[in-house]
Structure formats: C-alpha cells, structure tokens
Amino acid sequence: MKALVLTPHSLFKLSQFSIGPEWFEEYGLPAENCGLKRVVIKDMVYFLESDRETDETPLIVVNVGGEDGVLADPTTRSTILERIITVGRSIYTESVSIPMGWRKHQEDCLFSIQASSREWRTRVHFDMYPRGRNDLYVFSRLDDTHSFDRLDRHLTIYEKARSNLTDAVLTQCAEQPIASRAGITLSQRLPQGFVQGATLEQWYRSKLTKEQREFVDKPHDGPVRLRGAAGTGKTLSLVVKFLRDGLAASRNPAGPIKLGFLTHSFASVDLVNAIGESLDSKGLLFGADPNVKLEVRTLYDLAHKNLNFELDQLEPLSLDGREGRRLQAELISATLKELASSSIVSAQFAEINQELKDRWDLAVSVDGGRLVAEIMNEFASVLDAEGVRHGEERGERYAKGSFPRPTWLMALPTELDRRFILEVHRRYRRQLGEMNTLSVDQMIGDFNLFLGSNRWDRIRQRDGYDALFVDELHLFTSIERQTLHKLVRHNIDAEGKPRRPPIFMAYDLKQSPRDTFAQYGEGDTTLFAASTGLQNSELVKLERVFRYTPQIAEFLADLDATFPAIDVPGEWEAYSGKAELADGDTPELRVFHNEATLFNTVFAEAQKAARAHAGGGRRVAVLCASDEQFDRYLPIAAGRYSQGHLPIMSREPSSELRHSGKRFIFSMPEYVAGLQFETVFLIHVDASEAPLDASDGVRRRFISNIYLGSSRAEKTLNIAACMTRGGRSDVLDMALNRHSLTEVAVPKKPTTKSR
Ligand SMILES: Nc1ncnc2c1ncn2[C@@H]1O[C@H](COP(=O)(O)OP(=O)(O)OP(=O)(O)O)[C@@H](O)[C@H]1O
C-alpha cells in the first residue's frame, strides 16, 4: 500500500477499535458494521463514513509506502498511529494539544514530532497545508533529525490521494476480503474500561442512578460538587452532563456557548474523549455545531498555551511522570549532598532537630531515602503550590511558623528546620533555572497570576468558558483550584448581579497520592477556600459502585478504616460504596520470601492471565506500590518480558493500551488512575513502605496508593508483599482480621517459566 486516507471522523473512530500487528499489512476494517467503509483505489486505502455524500472534507493522508513510510517500522508503528490520532485531534477539534514531551518542532506549515518516547531522534513529519489545502499530510518518518528544506515530501502521493477522493466517495461499499479484516476488532469495551453500546439518551433515561441524574440535571447557576468512592461513576456522570448540556445548547441556541472539561492528566483527557466520542452521536466534540464549542484539556495545556512557552524556549518539567519525579529526586538528593559538603552551611544548620539531622545524614550516605520523598511532597504541597520562597514575605512567615502547615506533613518543629527546607528549595530552584526549565507547579503559579492580570480581563469574555467540568479535583493543588473560577466568563443575572460560576467538579480525596488537597495559608482550612471562589457549592454524593465486586468493596471499606484521621472538615467521610455487581472471589494476599520469587511468580501469572483473557492483555495489570521497586523491575521486565508486558510510566495518553495485544500492563497506581482492569496484581504492599512509626502523611499517602490500586480491579484482586522488605504492611491487618482479605501460601515454584 502507498497511503492511508482518512477523514477526521474516521481517524478518530480508530480509537474505538482494538488494533493488532496484522492490521498494518492490509489496513482493514472490523467485520462488524462500524459506520465506516473501506475503499481501495490505486494502492491507496480510504476510510470514509458509509453515508458520506460529498468530497468536501478535510483529509488526513498518511504515506505508508517506501523506506521512509510513516508506519514502516514494526516496533514504533502503533505508537505513531496513536500520535497521528492525537495530532489530528489537536488540529481538527479543541480536545487536546500536542503533549510537550513529543518535542514538536515547527517551521511554517511543516512540523515534526518525536516518533516514540524511547527514540527521541526518530521524527515523524507533517504538512498542515499541503498544496495550500486544509488537510493534514503525514509524509515521512526518519531515523534522524533533518533540516526541513532537505526533506522529500512525496507530494505526488498526497495529490493522488486528494484527486481520487471523489471516486472513493462514489464507490459502493463492497464486501471486504477476509484477509483485510485481520488485526482489527470493534471492541465493545474501550481500552480504558468503558463498555460501549448504550446511547447518551439510554444512559440518561435508564442507566444512571437517581443521584447521578440529579447531578446531570443541575442548572448552570453555581458550583456543584460530585463526591463518591472509586468506581461510583463520577467521570461517567461528568461526561454525560458535559455532552447533554452541549446538546441542549445546540437545540435551543441562545448565542455561542463554550464548555470546558478540565482534567489533571493526558490519560484522563484520553479517557474522557474516548467515552465522549462513543456517546456523542451528533459530533459536537468534533465541532459539528459552530455555536457549541466543547473543549477537553489539561490545566497544563491551558497554562502552556496562554503563557507562550514555545516562544520563550522554556520547557516545563513535568513531574507527573516517573521520569520527571526521578529527576526531581535526583536534584534534591544532589542538593542535600551539596549542603552537607559545605562546612559553612553544615555549621549554619548544625542545630536542626536531631531526627531531621539523622535523616539528612542518611540521605547523604545512602542516596535518596525517605527524606527526599518527604521534601518532594513538601515542595509540591506547600512551597511550590503556595508560592513560598526563601527571602520573600511568605518564606519568612513559613520559617517563623506563622504560615500554617497541617500536622500530617513531615515534622519541622523549629524555625531552623524550616529554614533548612527553604534553603534546599532555593538551591533546587536555582538548578532548575540553570537547566532552562521550570517545574509545572511554578508554571501554574505564573498562570494564576496571568488570570488575575488586566490582559486576561480583556480577553476573558472571548477565551473563558461558560461552564467548566473538572474531574479528579483531588489531584489539583490549592493554586490550581484557585484558577478554576477565573477561567469562567463573567456572568451577570437579570438584576445585574454577578452569577456564581457554574463549575461541576468530581473528586474522591482518598485517591490522592499527594497531599495537594490540603489547604495551607490563611486560616481557612476547607478544601474550597474563599480564594477558590467555590465555597458553599452544592453537593451530590454517589454511593453505588459499578466497577467492582462486593468482595472488593468490603476490602476497601476495611482498608479505609486504617486511614489516619485527617482534618478536612466535612470532606473526610468513611467509605460507603455499595457494590452493584455480582459476587466474586475474596481478594488474596501472598507474602513472598524475596523480591526475585515475587517478581518471577507474579509476572509469570500475569502473563498467563493476559494470554488467556478474551479481552486481551490490557484487562490484566501488575501495579507496584513502591517507587523504588518499580524502577528496579522496569529494566528486568524489559529484558525478560519484552513481548509480554506494556509499561506505563506517566500520566500521558494511554491509548497505547489498545495495542497491548496479549501484553499485560505494568505500572503504578497513580498512572492508571481513572482506568480499570479485570485482574489486578498489587505488589509490594510491604511494611517498609510505611512503617508504624512513619508520619501520618507517609502512611496516608501509602494507604491512598493501595486504595487507588485496589479499586482499579473489577473482579480479581491479588496482593503481594515481600519478607525482605518487612513482610506485609500492617494497613492490611484490619481486612485480614475481618476476612475481607485472605492470606494464601505462595506457590513453591514460580508457576511457569518466564516467556
Ligand atoms: N449508572 C451506571 N450503570 C452502570 N454502569 C455504570 C454506571 N455508572 C458508572 N458505571 C460504570 O462504572 C465504571 C466506573 O465509572 P467511572 O470511571 O466513571 O467511576 P469514577 O467514580 O470516576 O471512578 P474513579 O474515581 O475510580 O476514577 C465504568 O465502567 C462506568 O461505565
């Protein structure tokens, strides 16, 4: 084949199929009717809507022939296909922008992106206006970077694809040869776990619960909170409301309207788009109604766009992924060493409290350790989140102890302790500055200032939203929460009084692996402080759980009871999920003798389960509760299970899940938030991760991680701990005593040999 030719609609539709390696031979469509037709003209495959009657449409043409064919390399082609879909969405819809990590480089209408995260030199090239038309031409993939004026653009392929479009539209849909159907299936279940089939109206009329419907029916006259345990349908309710409100505006136009859906990660944008596209029969997400704009974005996207980083050549450092967090840990660790090696600084901080001193010594001698993790949390939750800096007014108040910090963060009892942290922060910031980068928290700080500026005030009516939908609010820092109401257009009621901002937000504080929801600063200890503009919002609570079995719900209830009490008035309620699904097995715990037997056994079992599962390997996940062990296992798994697993190391788009084939997922709970799997192996729930004498903060974050990981399982939950790391964590005791978790013996030998 020479080229693949698609309309935007048919390109996005590919997201709903499960695509295996064989697909790249013939580029077929699934056997089932999916609303698309496939036409082959002169070695070019067209995917068009079955009911398309005109050739007036933008086209996406992918050059797949020749050595520099975009999909020629078997190891990267599924990633590249996903990236083309995202690029298409960024051009033809408002739903995403190209992630920063793809290192886009643009000159006029040509641009290139990195082909995959592993091979940064390999680039895929795009032309946004081939022959001056509003099409997207993906013309080559090259192993090295090249100057754009020397690129071969193969424009004749594009021209042929364009000129044969009319014939393709007029060609009747013929029966596809069996061979061309290989490798593509119309999966009823989206890779993220959502089961397709019901329409938006069916969901609303007959599937949503009374509470979910109550939320969906809320008018746009003020903020509304949606609170519920994991798996109670928060994301789904938000998406249904988002689309229904868009549809209502489209049916009864009262001027143009813009609705925004904001999430914390690209993976969630992906999830929302996937559910949205499967329910959005009118195509509102693709701009079918010019008067109704629906945008799905991350907050970072918005900040990035408005602050023009591309022009300043500054690259925000994403601390969301494993890479970013590791780099941050390295910087802090190096700073601690630098401080210890300076005799002046050592003398200056000689009197810090003994515990902190011991931990500092430990961090210097053994590299890293828990102090580094605690400092990272302090930066993310307090210093960067609140704009507290050494030498500034807030910094002084922080040092003097008049800037309130919740008791569950690391203990910093004396002024000198806090000055020590400020000094680490100052040096860490300087290092970031030298790398010509800034952390995402710093970027959001700047964005918050921008939203308070005269410039934003001028353009707020044009660029702001009429209503905002926010998922996973518990992951937003307090500064991030302060930006929300400023993103909404000014709204005046009939009597000339300003209306409260219509912001619909879903959250579950217990799923937050960092302490970002805690309110610091000026005395107001509620999650929705006055500065957020969201105080006194209405509340809808969800209790019925649709993701997992009653047995998993019971385990979560027992785990929940071990959370240290936390001071967030009115928000920290006991788990009250009531499972709606059929019974399953009681979750099991196994304690292995050492890391090697744990790894060998669990990975072999996961591989076996993934191969046997009709829904593919993506229904099985191994989730690691320990950062350190995750980093250790990644290279081992890459060697021994290279064809057996798919690692997810950040919260970037996880649509690659669709190409997992028989591979199971290996990740950490944080990176698969929002997703679900049939079977979850949650490993390293070890005592050493959060010993009994650890601070409440460490324990709370650990339990959140376990809660988040366990609640991803629909049917089977297998927990593993390791003797060499202290055996099972005591946070499981309550569940074991109440028999919502059963301990079973470890198998004598790993069940199967790897591979
Ligand atoms: N009323 C309902 N009837 C049937 N299934 C539902 C209903 N509401 C939600 N679900 C299903 O339950 C699952 C979990 O929903 P969703 O992901 O929206 O939950 P959530 O509360 O956002 O979870 P989390 O907080 O863990 O991300 C999904 O598969 C969804 O399709």
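**Binding site, domains and a helix pair**

Author: With 23 C-beta neighbours inside 10 Å, G228 counts as buried. The model is a predicted one.

Reader: In which strand is G228 found, and which residues does G228 touch beyond four places in sequence?

Author: G228 belongs to strand 11, residues 224–228. Not counting residues up to four places away in sequence, G228 touches K234, D508, K541, L542 and E543.

Reader: Which residues does the UniProt annotation "binding site" cover?

Author: The annotation comes from an unreviewed UniProt entry. According to that record, "binding site" covers G228, A229, A230, G231, T232, G233, K234 and T235.

Reader: Is T235 buried or exposed?

Author: T235 is found in helix 8, residues 234–251. Leaving aside neighbours within four places in sequence, T235 is in contact with L271, D471, A506 and G674. A residue is buried if 20 or more other C-beta atoms lie within 10 Å of its own. T235 has 21 other C-beta atoms within 10 Å and is therefore buried.

Reader: Which domains does the domain assignment give for the protein chain, and how far apart do the C-alpha centres of domain 1 and domain 2 lie?

Author: The assignment gives domain 1 (3–186), domain 2 (200–215 + 233–308 + 443–542), domain 3 (316–435) and domain 4 (578–743). For domain 1 and domain 2, the distance between the C-alpha centres is 32 Å.

Reader: Which helix gives the most to the side of domain 1 that touches domain 2?

Author: The contact takes 13 residues from domain 1 and 16 residues from domain 2. By class, the side of domain 1 that touches domain 2 has 6 nonpolar, 6 polar and 1 charged residues. The element that gives the most to this side of domain 1, with 3 residues, is helix 1 (residues 8–13).

Reader: Are helix 21 and helix 24 roughly parallel or roughly antiparallel to each other?

Author: Helix 21 (residues 550–560) packs with helix 24 (residues 696–710) at an angle of about 175 degrees, and their axes are 11 Å apart. Angles over 145 degrees count as roughly antiparallel. The relation of helix 21 to helix 24 is therefore roughly antiparallel.

Reader: How do the residues of the contact of helix 21 with helix 24 divide into nonpolar, polar and charged?

Author: Helix 21 contributes I552, F555, L556 and L559 to the contact, while helix 24 contributes I703, I706, Y707 and S710. The residues of this contact divide into 7 nonpolar, 1 polar and no charged.

Terms used:
Residues are numbered from 1 along each chain as its sequence is written. This is a predicted model: local features need pLDDT of at least 70, side-chain atom pairs count only at pLDDT 80 or more; totals for chains, interfaces and linings use all residues. Axes are lines fitted to C-alpha atoms, for helices over the stretch in contact, and angles run from 0 to 180 degrees between N-to-C directions. Helices (H or I, at least four residues) and strands (E, at least two) are DSSP runs, numbered from the N terminus. Angles under 35 degrees count as roughly parallel, over 145 as roughly antiparallel, 65 to 115 as roughly perpendicular and the rest as oblique. Two residues are in contact if their C-beta atoms, placed from the backbone, lie within 7 Å. Ala, Val, Leu, Ile, Met, Phe, Trp, Tyr, Cys and Pro count as nonpolar, Asp, Glu, Lys and Arg as charged, and the others, Gly among them, as polar. Domain bounds come from an automatic or database domain assignment. UniProt positions are given in the numbering used here, feature names are shortened, and annotations may be inferred rather than shown by experiment. A residue is buried if 20 or more other C-beta atoms lie within 10 Å of its own, exposed if 12 or fewer, and partly exposed in between; C-beta atoms are placed from the backbone.
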